[in-house]
Amino acid sequence: MALEFHQFPCLSDNFGLLAHDPATGATATLDAPEAGPILKALADKGWTLTDLWFTHHHHDHIGAAAELKTHYPQARVTGARKDAHRLPPLDVAVGEGDILRLGESGALVYETPGHTLGHLAYHFEDDDVVVVGDTLFSLGCGRVMEGTMPMMHETLMRLADLPGETEVYCGHEYTQANARFALTVDPDNALLAERAREVDALRAQGAFTVPTTIARECETNPFLRAANPELQKALGMELADPVEVFTILRERKNRF
């Protein structure tokens, strides 16, 4: 039986995300940005929290862990083995290639360094879902805060190689701002222009712009298109190393 995913707003622009296995009742929160909305979502759904899975150590992704544990003391806490020293106390420490079980379903753990060195993504292959935290956003990517530009580019290319139909859940509602930047560096991309119009309409209605898909991001997200000749031409970087193009894109976005 397929997992159910439930997304909702937290803090100012974070997403909360629950994954629920109907067969067993197992329910994970993918990161823990804010206790109130997570507890309300669990109550609205009638679900019991059994697991907390962290993508990385930043406070807006782990800050609610202690409060959630007071309500669900038996919930298992899972995070990166490499970041155990700066995460809430872990019951399960994981790394590249580990498989996590959520009821009858499983997720493959990817180490996705760049935004932080210990960042993880969770790929629910049977459900065509990947949870990426602050590594990949719709039409954008996370700031390279601890890793290097080549490291972040390699991480993003690995995600881009997932099947196109894979749904992408990210940590923040940044798509509209990302679209404004993307149009400045990929101005002749008709699919990007169409996506930007769609995003504006969704946000005007108060609707979410994610999940997105890997295929859509490969078509429209400049940070996944550093090797694209049209984008390189728009930047005046024809035939440049894609890592160099990515670096320029990320540095421009930092200043945008």
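# Contacts and exposure in a predicted model

User: Is Asp-51 buried or exposed?
Analyst: In this predicted model, Asp-51 has a relative accessible area of 2%.

User: With which residue does Asp-51 form a salt bridge?
Analyst: Side chains of opposite charge can pair when their charged atoms come close. The closest N and O atoms of the pair are 2.9 Å apart, and the cut-off is within 4 Å. Asp-51 sits in strand S4 (residues 51-53), and its partner is in strand S5 (residues 76-80), 25 residues apart. The partner is partly exposed, with a relative accessible area of 40%, and the residue that forms the salt bridge with Asp-51 is Arg-76.

User: How many residues apart in sequence are the parts that the pair of Arg-81 and Asp-98 ties together?
Analyst: Arg-81 and Asp-98 form a salt bridge, with the closest N and O atoms 3.4 Å apart. Arg-81 lies in the loop between S5 and strand S6 (92-94), and Asp-98 lies in the loop between S6 and strand S7 (99-102), so the parts tied together are apart in sequence by 17 residues.

User: Which residue is linked with Asp-83 and Arg-86 in a network of salt bridges?
Analyst: Arg-86 forms a salt bridge with Asp-83, and their closest N and O atoms are 2.8 Å apart. Asp-83 is buried at a relative accessible area of 3%, whereas Arg-86 is partly exposed at 26%. The network that holds Asp-83 and Arg-86 also includes Glu-146.

User: What is the angle between the planes of Phe-5 and Phe-124?
Analyst: The structure holds nine aromatic pairs. One of them is formed by Phe-5 and Phe-124, 5.4 Å centre to centre and edge-to-face. Phe-5 is in strand S1 (residues 4-10) and Phe-124 in strand S9, 119 residues apart.

User: How do the planes of Phe-137 and Tyr-174 count: stacked or edge-to-face?
Analyst: Phe-137 is in strand S11 (residues 136-137), and Tyr-174 is in the loop between strand S13 (167-170) and helix H5 (175-185). Phe-137 is buried at 4% relative accessible area, while Tyr-174 is partly exposed at 30%. The rings are 4.9 Å centre to centre, with 65 degrees between the planes. The class for angles over 60 applies, so the pair is edge-to-face.

User: Where does Leu-239 lie?
Analyst: Leu-239 has a positive phi of about 65 degrees although it is not a glycine. Leu-239 is exposed, with a relative accessible area of 85%. Its place is the loop between helix H8 (229-234) and helix H9 (242-255).

User: What is the relative accessible area of Leu-139?
Analyst: Phi of Leu-139 is near 65 degrees, a positive value in a residue other than glycine. Leu-139 belongs to the loop between S11 and strand S12 (140-141). Leu-139 is buried, and its relative accessible area is 0%.

User: What is omega of the peptide bond from Val-210 to Pro-211?
Analyst: Pro-211 is found in the loop between helix H6 (190-204) and strand S14 (212-213). The bond from Val-210 to Pro-211 is cis, with omega near 15 degrees.

Technical notes
Residues are numbered from 1 along each chain as its sequence is written. This is a predicted model: local features need pLDDT of at least 70, side-chain atom pairs count only at pLDDT 80 or more; totals for chains, interfaces and linings use all residues. Side-chain values use heavy atoms; hydrogens and water are left out. Rings of Phe, Tyr and Trp (its six-membered ring) pair if their centres lie within 6.5 Å; planes under 30 degrees apart count as stacked, over 60 as edge-to-face and the rest as tilted. Helices (H or I, at least four residues) and strands (E, at least two) are DSSP runs, numbered from the N terminus. Buried means under 20% relative accessible area, exposed over 50%, partly exposed in between (1.4 Å probe, protein chains only). A salt bridge is a side-chain nitrogen of Lys or Arg within 4 Å of a carboxyl oxygen of Asp or Glu.
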